[in-house]
Amino acid sequence: MPSTALAGIRVLDLSRILAAPLATQMLADLGAEVIKVERPGAGDDSRTYGPPFARGTQTAAFYLSCNRNKQSVTVNHATTEGQELIRALAARSDVLVENFRAGTLAKYGLDQESLRELNPRLVYLSVTGFGQTGPYAARPGYDGIFQAMSGMMSVSGHPEEPMKVGVSMVDILTGLYASTAVLAALRHRDATGEGQFIDLSLLDCGLASLSHFAMNYLVSGEVPRRRGNGGYGGVPSQAFECEDKPIFLVAGNDKQFAAFCAAADRTDLLQDPRFATTPARITHREEILPELAAILRTRTRDEWLAVLDEHDVPAGPFNELPEVFADPQIQHRGMLVEVEDPVSGRLPLLANPIRFTATPVEGYAPPPALGEHTAEVLGRLVGLTEHQLTELRARGVV
């Protein structure tokens with residue numbers, strides 16, 4: 001079973017694609033009951049974001065990445081009866097999560113003011129591209145747009161070319177901000193008896209994620225340069241080519257740099273005032289990096305990794321995904337799990353990385369088929385009979 005940390009919390013999930021579904025998946029992993037409401041017939045757009053699809057299905061791996069441990073209910077929110085069903089579910093929920101464009105759900109009486117009047121204890125989270133206010137509030141948007149607009153692309157890539165981060169990083173970070181925000185709002189609700197509205201913007205989250213890059217600019221006024229696989233911490237902190245394959249090496253302080261010099265049999269570098277301290281190495285970055293690159297090209301990757309490990313210098317190989325999942329540390333940590341899916345059989349999933357001592361995440365339910373739990377959930381929570389459900393299905397409501 002999933003963790004019991006959030007047992008007793010019910011989440012009504014009206015979201016789709018990635019950022020908000022990741023947040024509700026996190027809550028589900030932690031033990032909340034998550035009811036995912038999808039459009040009859042179509043469902044979450046991400047179900048079609050393939051190939052690849054799960055074996056024997058037309059359900060995309062994209063959808064599978066962010067919808068485990070949930071129940072799927074189909075309800076057409078554009079119909080009057082569908083709106084009433086969602087209100088009934090919201091009245092019996094602790095949290096509602098949606099990522100419709102700002103103002104959309106107000107057309108159907110499903111906005112936060114309407115539902116929190118119905119259920120004052122409801123925590124209502126809205127995830128949008130630009131937030132509920134401001135000149136861009138009504139605009140649509142996707143992850144790549146927010147990587148570009150937030151400045152993330154401006155600090156990623158090589159000097160001559162800004163680069164999008166490969167994964168949908170703004171979506172992922174927004175999902176983490178969202179789950180944290182919900183937990184804080186539940187804590188407040190438990191202390192005061194009152195729910196609240198959470199307005200979360202992907203653009204805001206993308207900018208917030210710039211962290212020390214943004215702070216460096218705010219303090220200095222200097223626009224950060226793109227450094228490819230180089231970092232902005234201590235020097236060295238970047239990729240280096242070895243005799244055969246590359247490694248990523250970080251010597252984030254003077255002790256680690258001295259250890260690297262010992263491992264490389266180049267303690268003479270410590271006698272050079274340009275390289276003797278972290279601020280000096282940062283100042284003289286362009287002078288020391290070619291020296292280090294030449295040193296690292298003299299041995300193979302595995303030779304360097306072995307000697308650097310002996311000297312306690314942080315370094316690691318560049319792994320393709322097959323190497324990632326074959327890594328003994330990844331395997332030891334149990335980051336790959338398998339669940340039994342009724343259609344596709346054994347389904348591999350990425351594990352939740354949180355390790356609890358009292359409420360561990362010990363099991364996973366496969367991402368649900370579209371509408372798999374409609375009859376059970378609407379019968380249990382709303383009291384609909386099978387006859388009523390049949391009639392609603394005939395009218396395209398569920």
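Contact here means heavy atoms within 4.5 Å. Axes are lines fitted to C-alpha atoms, for helices over the stretch in contact, and angles run from 0 to 180 degrees between N-to-C directions. Helices (H or I, at least four residues) and strands (E, at least two) are DSSP runs, numbered from the N terminus. The model is a predicted one, in which local features need pLDDT of at least 70 and side-chain atom pairs count only at pLDDT 80 or more, while totals for chains, interfaces and linings use all residues. Residues are numbered from 1 along each chain as its sequence is written, and side-chain values use heavy atoms, with hydrogens and water left out.

Five bridges join S9 to strand S10 (residues 246-250) in the antiparallel sense, and Phe240 stands opposite Ile247 in S10.

Next comes an open sheet of six strands with parallel pairing, ordered S3-S2-S1-S4-S5-S8. Its edges are strand S3 (70-74) and strand S8 (197-201), each with a single partner strand, so one side of each is left without a neighbour in the sheet. Neighbouring strands of this sheet are turned by 20° against each other on average, direction ignored. Strand S1 (residues 10-13) pairs with strand S2 (residues 33-38) in the parallel sense over four bridges, with Val11 opposite Val34 in S2. S2 also pairs with S3 in the parallel sense, over five bridges, and the bridge partner of Val37 in S3 is Val73.

Five of its five residues are buried, so S3 is largely enclosed by the rest of the structure; buried means under 20% relative accessible area, exposed over 50% and partly exposed in between (1.4 Å probe, protein chains only). In a regular strand the side chains alternate between the two faces of the sheet. Both faces of S3 are covered, with Lys70, Ser72 and Thr74 buried on one side and Gln71 and Val73 buried on the other.

Helix H15 lies across S1, S2 and S3, running at about 85° to S3. H15 (residues 374-382) also packs with helix H3 (residues 80-91), at an angle of about 65° and with their axes 10 Å apart. The contact is made by Leu85, Ala88 and Leu89 of H3 together with Val377, Leu378, Leu381 and Val382 of H15.

Finally, the cysteines. The count of disulfides, each being a pair of cysteine sulfur atoms within 2.5 Å, comes to zero. For Cys205, the closest cysteine sulfur is that of Cys66, 16 Å away and too far for a bond; Cys205 is buried, with a relative accessible area of 4%. For Cys242, the closest cysteine sulfur is in Cys261, at 16 Å, again too far for a bond, and Cys242 counts as buried at 6% relative accessibility.

Methods. Two strands pair if DSSP finds at least two bridges between them.
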